[in-house]
Amino acid sequence: MANGKARAPEGDGEIGLDGLLGHAGYAVRRFQIWIFQDFVRTLAAVDIKPTQYSVLTVIGANPGLSQMAVAQRLGIERARLVHLLDSLEDRKLVRRVRSRTDRRSHALHLSARGEASLRQFKLLAAEHERHVAEKIGKENREQLLRILSSFT
């Protein structure tokens, strides 16, 4: 697919991508798909998806954050975060503690099981990052992180 063409289904020839090859958004999206697939495959044994990992990591680094603060920092819709937290709480990884200052808010903490699990997840995520470096090269990975840092 170096020339931007891929085999069409059922041998109908090649499908050209035309101007898509020059669109950063298209290339980033294709890379994102590869990244997510590799992450899911690498962490399949522990059944953690990228967004769940992000939520656990932010809570682990910032115990006591509110749900709203986590949602805003990660760019997750509040309703979706509630669903994610429900699933993580069902797995005994996260605890919601009612805020002392605002009864409508909850402070988020990792449970002891969540802390131990996150250590394991981080090891697997590091393996995933090694896969990324193998795919695009260590220097390219570092440069990509520098380029994308303004979006984080």
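Close-up 1. Phe 31 counts as partly exposed because its relative accessibility is 24%; buried means under 20% relative accessible area, exposed means over 50%, and partly exposed lies in between (1.4 Å probe, protein chains only). Trp 34, at 21% relative accessibility, also counts as partly exposed. This is a predicted model, in which local features need pLDDT of at least 70, side-chain atom pairs count only at pLDDT 80 or more, and totals for chains, interfaces and linings use all residues. Residues are numbered from 1 along each chain as its sequence is written, and side-chain values use heavy atoms, with hydrogens and water left out. Phe 31 and Trp 34 are 3 residues apart in helix H1 (residues 24-42), so about one helical turn separates them. Helices (H or I, at least four residues) and strands (E, at least two) are DSSP runs, numbered from the N terminus.

**Close-up 2. A stacked pair of rings.** The structure holds 2 aromatic pairs. In the pair formed by Phe 31 and Trp 34, the ring centres are 6.1 Å apart and the planes are at 5°, so the pair is stacked. Rings of Phe, Tyr and Trp (its six-membered ring) pair if their centres lie within 6.5 Å; planes under 30 degrees apart count as stacked, over 60 as edge-to-face and the rest as tilted.

**Close-up 3. The crossing of helices H3 and H4.** The axes of H3 (residues 67-74) and H4 (residues 78-90) come within 10 Å and cross at roughly 115°. H3 is therefore roughly perpendicular to H4; the class covers 65 to 115 degrees, while angles under 35 count as roughly parallel, over 145 as roughly antiparallel and the rest as oblique. Axes are lines fitted to C-alpha atoms, for helices over the stretch in contact, and angles run from 0 to 180 degrees between N-to-C directions. On the H3 side, Gln 67, Met 68, Val 70 and Ala 71 make the contact, and on the H4 side Arg 78, Leu 81, Val 82 and Leu 85. Contact means heavy atoms within 4.5 Å.

**Close-up 4. Gln 67 and its surroundings.** Gln 67 lies in helix H3. With a relative accessible area of 17%, Gln 67 is buried. Leaving aside neighbours within four places in sequence, Gln 67 is in contact with Leu 81, Val 82, Leu 85, Arg 96, His 106 and Leu 108.

**Close-up 5. His 128 in helix H5.** Helix H5 (residues 112-136) contains His 128. His 128 has a relative accessible area of 3% and is buried. Not counting residues up to four places away in sequence, His 128 touches Ile 35, Asp 38, Phe 39 and Thr 42.
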